[in-house]
Amino acid sequence: MEGDVVAYRIDRGSGVPAYVQIVEQAERALRMGTLKVGDKLPTAKEVVAATAVNPNTVLRAHRDMERAGLVELRRGLGTFVTRSLARPGAEADSPLRAELADWTGRARAAGLERADILALVTAALDAHDHDTGGDTGGDGPTDGHDAAGDDTTDHHAAAEADTRRLTPRATGIRTTRTYDRA
């Protein structure tokens with residue numbers, strides 16, 4: 001997948017299905033402006049070679065993103081981004097990105113693992129949202145509905161059904177908690 005705009009990382013120990021991780025990582029890249037309208041996503045063959053997931057897993061992720069109106073599958077050509085999730089002025093938050101990158105480096109140097117860092121960020125967001133009276137973001141497709149109000153959470157519902165541990169999972173910039181009913 002050399003030269004591609006997005007490279008997927010699958011965490012097999014997370015309890016989140018691989019196709020959901022692919023969708024969430026693509027949504028995150030769309031939100032951050034890494035993926036732009038017209039960009040081509042890596043092919044199923046490229047993703048399989050890089051992550052060792054089943055090709056049908058990649059195709060399911062692409063179909064879910066197509067249903068959400070984020071990409072278009074063009075037979076024989078590939079999968080192309082049709083809609084951005086980046087908010088206007090996202091480029092202006094680059095100083096925040098740099099600060100966060102520095103903080104993440106310090107956290108890693110202090111021995112924190114990915115899950116530890118995500119837990120810290122989740123706790124900080126939860127505390128902030130609680131103190132300010134709730135979430136202030138409109139997350140578009142990841143809020144469960146598209147612009148027409150249609151449900152777009154099929155992949156999130158499947159992840160909830162597959163989750164077997166009481167662990168928070170990152171869904172991009174905004175973090176939600178998924179709990180299994182034991």
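1. Helix 5 comprises 19 residues and reaches 27 Å from its first C-alpha to its last, close to the 27 Å expected at 1.5 Å a residue. The expected span is 1.5 Å times one less than the number of residues. Helices are DSSP runs (H or I, at least four residues), numbered from the N terminus. Just after helix 5, G133 takes a positive phi of about 90°.

2. This is a predicted model, in which local features need pLDDT of at least 70, side-chain atom pairs count only at pLDDT 80 or more, and totals for chains, interfaces and linings use all residues. Residues are numbered from 1 along each chain as its sequence is written, and side-chain values use heavy atoms, with hydrogens and water left out.

3. The axes of helix 4 (residues 94–109) and helix 5 (residues 114–132) come within 10 Å and cross at roughly 130°. Axes are lines fitted to C-alpha atoms, for helices over the stretch in contact, and angles run from 0 to 180 degrees between N-to-C directions. Helix 4 is therefore oblique to helix 5; angles under 35 degrees count as roughly parallel, over 145 as roughly antiparallel, 65 to 115 as roughly perpendicular and the rest as oblique.

4. Helix 4 contributes W103, T104, A107 and R108 to this contact, and helix 5 contributes R114, I117, L120 and V121. Contact means heavy atoms within 4.5 Å.

5. Q25 lies in helix 1 (residues 18–32). At 12% relative accessibility, Q25 counts as buried (under 20% relative accessible area, with a 1.4 Å probe and protein chains only). Leaving aside neighbours within four places in sequence, Q25 is in contact with A7, Y8 and R9.

Conventions
Helices (H or I, at least four residues) and strands (E, at least two) are DSSP runs, numbered from the N terminus. Buried means under 20% relative accessible area, exposed over 50%, partly exposed in between (1.4 Å probe, protein chains only).
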